[in-house]
Amino acid sequence: MVILVDRIAVFGISRSGKDYTIEGAVDRLTAAGKRYCHLSMIGTVHDLLKGRKLREMSKMDKLALMDRVHMEMDSISLMCSTIVDEHYCFPGTYGGKVIHTDYTEEKLPFREFYDEDLESTYEIVFDESELKKYRLVVFLDIDPEVVLERFRTSEGCKHNDYITLKDVKNWILFEKSNLRLLCRKYGIPFFTLNDPATTSEDLVRIIQG
C-alpha cells in the first residue's frame with residue numbers, strides 16, 4: 001500500500017502517556033501550520049464494535065473486525081497525516097495474577113509468547129505487517145516508577161494494584177526490544193522518548209526531522 005501522506009506510529013505500554021504525547025504534538029504541529037490527526041487503534045476498534053464486547057466474540061469474528069479496523073485506519077491515513085496510538089503487547093499476568101476486569105478481559109486477537117530471559121508471557125496484539133505502513137516509529141520509554149505510579153492512581157478499570165515494578169520494567173524492555181528489531185528488519189527509523197515532561201515537543205522534533 002502506498003501512503004500519500006505522513007503516518008507515524010507511537011508505541012508505549014499502558015499508562016506511558018501516548019494520548020497526552022500525541023495530542024500535545026498535534027496541537028504544536030497545527031500551530032506550525034501542519035495538519036496531523038490523532039488516530040487510535042483501540043479507539044477505532046471500539047468505534048467499529050458499536051457496543052458489542054470483544055470477550056463475547058469468536059476468534060474469527062475478532063480477526064474479521066481487525067481487518068476492518070486496519071482498512072478504516074488506512075482510509076483515514078490516506079486523507080490526513082496521522083500520528084497513530086499503537087499497541088504492541090500486554091502481559092499475561094500482573095504481579096503473577098490473571099486480573100479479571102472490563103479492561104483486561106476485552107481481548108484483541110493475540111499470539112502468546114514466553115520470554116525465557118524475562119520469565120514472562122506476553123500477548124502480542126500487533127500485526128507485524130502493519131509496521132511497513134509507517135514512516136517512523138516512536139516508543140515512549142518512560143521511567144518504570146513513573147508508569148507504576150500512574151497505574152496506582154488511575155481511575156476505573158485502568159487502576160491496577162497488582163502490577164509490580166518488575167512487571168513494568170519487563171514489559172517496557174520486551175516491547176522496546178521487539179519493536180527495535182522489527183524496525184531494523186523493515187528499515188524503519190526507531191526512536192525512544194524518555195522525559196515525560198517533553199514527549200510532545202520531542203515527538204514534533206522527530207517528525208519534522
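This is a dialogue on how to read the features of one predicted protein model.

Colleague: What should I know before I start?

Modeller: The model is predicted, so local features need pLDDT of at least 70 and side-chain atom pairs count only at pLDDT 80 or more, while totals for chains, interfaces and linings use all residues. Residues are numbered from 1 along each chain as its sequence is written, and side-chain values use heavy atoms, with hydrogens and water left out.

Colleague: How many helices and strands are in the protein chain?

Modeller: Start with the rule. Helices (H or I, at least four residues) and strands (E, at least two) are DSSP runs, numbered from the N terminus. Here the protein chain has seven helices and eight strands. Its radius of gyration is 17 Å, close to the 17 Å from the globule rule for 209 residues, so the chain is as compact as a globular protein of that length. That radius is taken over C-alpha atoms, and the rule is 2.2 Å times the number of residues to the power 0.38. Along the principal axes, the C-alpha trace spans about 45 × 40 × 35 Å.

Colleague: What percentage of the residues count as buried?

Modeller: Buried means under 20% relative accessible area, exposed means over 50%, and partly exposed lies in between (1.4 Å probe, protein chains only). Of the 209 residues, 47% count as buried. The accessible surface comes to about 10,800 Å², and carbon and sulfur atoms hold 50% of it. Those areas come from the Shrake-Rupley method with a 1.4 Å probe; for residues, only the protein chains shown count as cover.

Colleague: How do I read contacts along the chain?

Modeller: Contact means heavy atoms within 4.5 Å. Take contacts between residues at least 6 apart in sequence: 77% of them join residues at least 24 apart.

Colleague: Which residues touch the most other members of the largest nonpolar core?

Modeller: First the general idea. In soluble globular proteins, nonpolar side chains tend to be buried together. A nonpolar core is a set of buried Ala, Val, Leu, Ile, Met, Phe, Trp, Tyr and Cys residues joined through side-chain atoms within 4.5 Å. The largest one here has 60 residues, and Phe11, Val45, Ile83, Tyr88 and Trp171 touch the most other members. Helix H6 (residues 165–186) gives the most to this core, with seven residues. Now look at Ile83. Leaving aside neighbours within four places in sequence, its contacts include Ile8, Val10, Ile22, Leu39, Leu203 and Ile207.

Colleague: Is helix H7 mostly covered or mostly open?

Modeller: H7 is mostly covered, with seven of its ten residues buried. Among them are Leu203, Val204, Ile206 and Ile207. The cover includes strand E1 (7–11), helix H1 (18–31), strand E2 (36–40) and strand E3 (81–85). Just after H7, Gly209 takes a positive phi of about 75°.

Colleague: How do I read a positive phi in other residues?

Modeller: Most residues other than glycine have a negative phi. Arg15 has a positive phi near 70° and is not glycine. Arg15 sits in the loop between E1 and H1. Its relative accessible area is 26%, so Arg15 is partly exposed. Glu119 also has a positive phi, near 55°. Glu119 lies in the loop between strand E5 (111–115) and strand E6 (120–124).

Colleague: Why does Glu119 count as exposed?

Modeller: Glu119 counts as exposed because its relative accessibility is 59%.

Colleague: Where is Phe126, and what does it touch?

Modeller: Phe126 is in the loop between E6 and E7. At 9% relative accessibility, Phe126 counts as buried. Beyond neighbours within four places in sequence, Phe126 is in contact with Phe11, Glu86, His87, Tyr88 and Leu131. The C-alpha atoms of Phe126 and Leu108 are 9.4 Å apart, and the two residues are 18 apart along the chain.

Colleague: Where is Asn194 found?

Modeller: Asn194 is in the loop between strand E8 (190–193) and helix H7 (199–208). Its relative accessible area is 46%, so Asn194 is partly exposed. Not counting residues up to four places away in sequence, Asn194 touches Asp141 and Ile142.

Colleague: Is Thr104 buried or exposed?

Modeller: Thr104 is buried, with a relative accessible area of 11%. Thr104 belongs to helix H4 (residues 102–105). Not counting residues up to four places away, Thr104 touches Tyr94 and Ile99.
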